[in-house]
Amino acid sequence: SKLSSVKLHASDSANDGSLTGLNLIGSGTVSSAVNVQGSIFATGEVSLKASAERIADATGDFSIFSPSGAIPLQMPTLEATATVGSASKIVAGAFGLTASTKLDLSVNANQSVLGSFTQNILADTTTHATVQAGAVVEIGSDTLTGESVSGLVRAEDTSDLSIELTPDEGGLLGSVLSDFGVSFAVLTVDRDTQAVVHAAAFGTATSGALAVEAKNSGTFANKVTASVIGVTYINGSDTVLAKVDGATVRGASLSVLAQNTSSYESGAKVSINTISGNTRALLTSADIDLAGALDVKADDHTKLTAGSKAFEGILGDYAGVDLSLAGAINQMGKTVEAAIVDGVANAGAVSVTALNAQTMVSRAEALQVREGSASLSTYNLSMGGSISSNEMLGETIAAIRSGADVAASGLVLVEATNAAIMDSTTDATTKITGGANSAVGVSVAFNLVGHDVSNILLLGIDTLLGLGLGATATPSNAHAYIDASQVA
């Protein structure tokens with residue numbers, strides 16, 4: 001006999017409240033898993049869900065944790081996996097397989113000891129929802145609770161992480177100010193979000209709408225709040241994959257969606273965002289037969305914001321000022337792809353679309369100094385100017401390729417759109433007069449598309465003004481094509 005409904009939900013979730021920095025050390029892995037390796041028969045809904053979540057805020061003096069970056073401050077690593085195994089058979093009126101992660105953490109720390117200290121902060125999430133090869137999932141036409149479809153495989157990460165470091169600048173008084181990086185915060189983010197149906201039987205001819213979705217969202221911020229020093233760096237790997245790989249799919253319709261709406265923000269005298277990864281929706285070697293629409297869509301709205309905050313120094317507080325470039329730099333290297341590769345697909349309308357709607361905003365504010373008790377006739381003042389730049393790499397691809405056989409009774413749409421926005425601004429740099437030993441660099445703002453510069457800050461203003469970027473051409477194109485395939 002069949003059950004009316006089945007729910008298997010695993011959750012590792014807690015609100016840790018307010019912590020000190022020491023409480024974050026060795027916080028370990030937060031994980032949950034649902035793994036079905038058998039049969040489930042139900043007349044109603046079968047819901048399989050794994051979720052991992054940590055919510056906390058932390059304060060304290062972070063100077064001791066990462067001398068020279070040797071001891072990274074590890075945030076809790078989150079893992080959520082929901083799996084239907086290869087020997088499983090599930091019969092249900094509606095079916096949901098979901099994995100979700102959320103790291104919601106705010107760190108507001110001070111730094112009492114300045115010098116070669118790097119706050120190296122690591123944050124990792126793994127979110128996988130998988131139907132393994134050989135599984136059989138028979139789905140009816142009921143609507144899944146809270147959704148608009150009958151069958152759903154979804155992986156989603158919605159993390160928010162905020163780091164704000166406030167250094168004690170008092171120890172710099174009377175010295176030669178020569179390095180923004182005496183307070184340096186690095187945030188390394190690794191996100192792996194995948195919803196995959198392998199060579200399984202997914203749905204029947206009488207199934208309702210089906211969906212396979214992978215989504216990343218949330219905000220990651222890294223800031224040093226100070227008047228004369230500070231470097232921040234966000235280094236992120238952001239992977240979103242929705243894939244039907246070798247599966248046999250039957251139903252009213254099928255949507256395969258990969259979506260990223262995440263934001264990354266860094267702020268300091270020198271602030272850098274470098275984000276890599278991909279957003280992919282793929283149908284590979286599958287056997288698809290639908291009464292209605294087939295929609296394969298990759299949608300990336302990732303936003304990078306880098307701000308080089310105004311330098312506000314009083315010359316009389318320091319023996320001299322000899323600083324290199326200040327900068328606000330964004331680098332995005334992500335592929336956005338939607339594709340039907342090999343296999344057979346019969347449907348009503350067929351849509352394969354890839355949208356790159358990424359946004360990069362960089363702003364370098366003015367370098368401002370006040371004379372105070374210093375005499376500009378004898379004072380050594382050298383400031384390297386400021387750079388604001390955005391660099392975009394990666395392609396936008398929509399394709400039917402590699403022997404795919406696609407039959408549609410309605411419209412066939414293959415569309416790749418690069419609608420990215422790049423905005424780079426610098427304020428006027430302070431002009432110093434009256435001192436033979438004073439020099440202040442100029443400001444430069446530029447955007448690069450399809451060209452890779454290995455280290456913009458090392459090039460110097462003179463090189464940039466001469467356009468000697470040493471850039472490597474890496475085309476960032478939008479391609480929509482049908483190749484070696486049949487579409488009718």
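First, a word on the model. It is predicted, so residues are numbered from 1 along each chain as its sequence is written, local features need pLDDT of at least 70, side-chain atom pairs count only at pLDDT 80 or more, and totals for chains, interfaces and linings use all residues. Side-chain values use heavy atoms, with hydrogens and water left out.Aspartate 405 belongs to strand E36, residues 405–408. Strands (E) are DSSP runs of at least two residues, numbered from the N terminus. In a regular strand the side chains alternate between the two faces of the sheet. E36 has a covered face with Val406 and Ala408, while Asp405 and Ala407 sit on the uncovered one.

E36 has neighbours to meet, and two strands pair if DSSP finds at least two bridges between them. Strand E29 (residues 344–347) pairs with E36 in the parallel sense, over four bridges. Within that pairing, valine 344 has aspartate 405 as its bridge partner. E36 also runs parallel to strand E44 (residues 486–487), joined by two bridges.

Now for the second largest pocket, with a volume of about 270 Å³. A pocket here is an open set of points on a 1 Å grid over the protein atoms alone, where a 1.4 Å probe fits, with protein on both sides within 12 Å along at least five of seven lines; lining residues have an atom within 4 Å of a point. The volume is the space filled by probe spheres set on the points. Of its 15 lining residues, Ser47, Lys49, Thr98, Thr145 and Glu147 lie nearest the centre. Strand E8 (94–111) is one of the elements giving two or more residues to this lining, and its four residues are the largest share.

Definitions and conventions:
Buried means under 20% relative accessible area, exposed over 50%, partly exposed in between (1.4 Å probe, protein chains only).
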